[in-house]
Amino acid sequence: MVYNLFSIVRKNIPQYSGNCSLCGLSTEYSGFCEPCLSAVQRDGHYCQQCGNSLGKQPFGATCGQCLKKPPRYQTLVAATHYEFPVSHAISEMKFEKQLHHIRSFSNLLLEALLKHYQDTPLPQAIVPIPLHSNRLRERGFNQSQLIAKHLNRKLNIPLLDHALLRIKDTPHQIGLKAVERRKNLKRAFTVKQELPKHIALVDDVVTTGSTIQEASKQCLKHGVERIDVWCLAKT
Ligand SMILES: [Zn+2]
Ligand SMILES: [Zn+2]
């Protein structure tokens, strides 16, 4: 049954002619040319829980860090590795409103999700990581919400985009150490509506995981039992 769902979804991934989100050459794949796609797609050699690189550990393993102190979420699915030119395209998306990248990367994430959930139940709802209202006003859109909307349409999983609220206007986290990020993010989120037991938290980029950890903490306090993290790129 799950397989059938995926074959339907797969057919719905648009094939279009346009420019590659990374090199700008024309492409027939949904948003990326073949060489760029094979350069940035993740090969699966990552910790199945936190998504960090496994180095020399066997395929499908859990990293030492997760074995010692597992994160609050069960698994992380990322479309790409966060490095150039992906990092450049994502900053164009956020800071120069190049919103066509959202469709390209979300389709890539969808491909990764199709592989990941072949034998695993899908979450019951998609919850984007919210921006604080000040940041939302400044930017004009929440990229995580747009990604979540795209996935909601493709996967037919309910979107709860007002369930989580960001109540603390945290400074930009770029360049901060993990411990400082954690401190800044303490009590940054609150849950505004009832959540199902199994949810997917959606963010554009996951770096240290501090944001996702803090959001997960609040969700787990409100009846959620399992959290899967979906993101466009993981460092
Ligand atoms: Zn390309
Ligand atoms: Zn791990």
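Predicted model: local features only at pLDDT ≥ 70, side-chain atom pairs only at ≥ 80, totals over all residues.
Helices (H or I, at least four residues) and strands (E, at least two) are DSSP runs, numbered from the N terminus. Residues are numbered from 1 along each chain as its sequence is written, chains are lettered from A and ligands numbered from 1 in the order in which they are written, and side-chain values use heavy atoms, with hydrogens and water left out.

Start with the whole chain. The protein chain holds nine helices and eight strands. Of its 235 residues, 51% are buried. Buried means under 20% relative accessible area, exposed means over 50%, and partly exposed lies in between (1.4 Å probe, protein chains only). The accessible surface comes to about 12,000 Å², and carbon and sulfur atoms own 51% of it. These areas come from the Shrake-Rupley method with a 1.4 Å probe; for residues, only the protein chains shown count as cover. Contact means heavy atoms within 4.5 Å. Among contacts between residues at least 6 apart in sequence, 70% join residues at least 24 apart.

Now turn to the metal sites. The zinc ion (ligand 1) is held by the SG atoms of C20, C23, C33 and C36, at 2.2 to 2.3 Å. Donors are N, O and S atoms within 2.8 Å of the metal (3.2 Å for Na, K and Ca); water is not among the atoms, so sites may look incomplete. The spacing of these donor residues is C-x2-C-x9-C-x2-C. Their four donor atoms subtend angles of 100 to 116°, so the arrangement is tetrahedral. C23, at 39%, counts as partly exposed.

The zinc ion (ligand 2) has C47, C50, C63 and C66 as its protein donors, each through SG, lying 2.3 Å from it. Here the spacing reads C-x2-C-x12-C-x2-C. C50 and C63 both lie in the loop between α2 (34-40) and α3 (64-68), so the pair ties together parts that are 13 residues apart in sequence. Both C50 and C63 are buried. The four donor atoms around the zinc ion (ligand 2) subtend angles of 103 to 115°, which makes this arrangement tetrahedral.

Next, follow strand β7 (residues 198-206). Nine of its nine residues are buried, so β7 is largely enclosed by the rest of the structure. Two strands pair if DSSP finds at least two bridges between them. β7 pairs with strand β4 (residues 125-128) in the parallel sense over four bridges. There, I199 in β7 is the bridge partner of A125. β7 also runs parallel to strand β8 (residues 226-234), with eight bridges joining them. The chain crosses from β7 through helix α9 (residues 210-221) to β8, in a right-handed β-α-β crossover. Right-handed means that, with the strands pointing away from the viewer, the path from the first strand over the helix to the second runs clockwise.

β8 has another parallel partner: it pairs with β3 over six bridges. A233 in β8 stands opposite T80 and also opposite V205. Six of the seven residues of β3 (residues 75-81) are buried, so β3 is largely enclosed by the rest of the structure.

Return finally to α4 (residues 86-95). Seven of its ten residues are buried, so this helix too is largely enclosed by the rest of the structure. They are V86, S87, A89, I90, E92, M93 and K94.

Conventions
Tetrahedral: all angles 85-135°; square planar, octahedral: opposite > 155°, others 65-115°.
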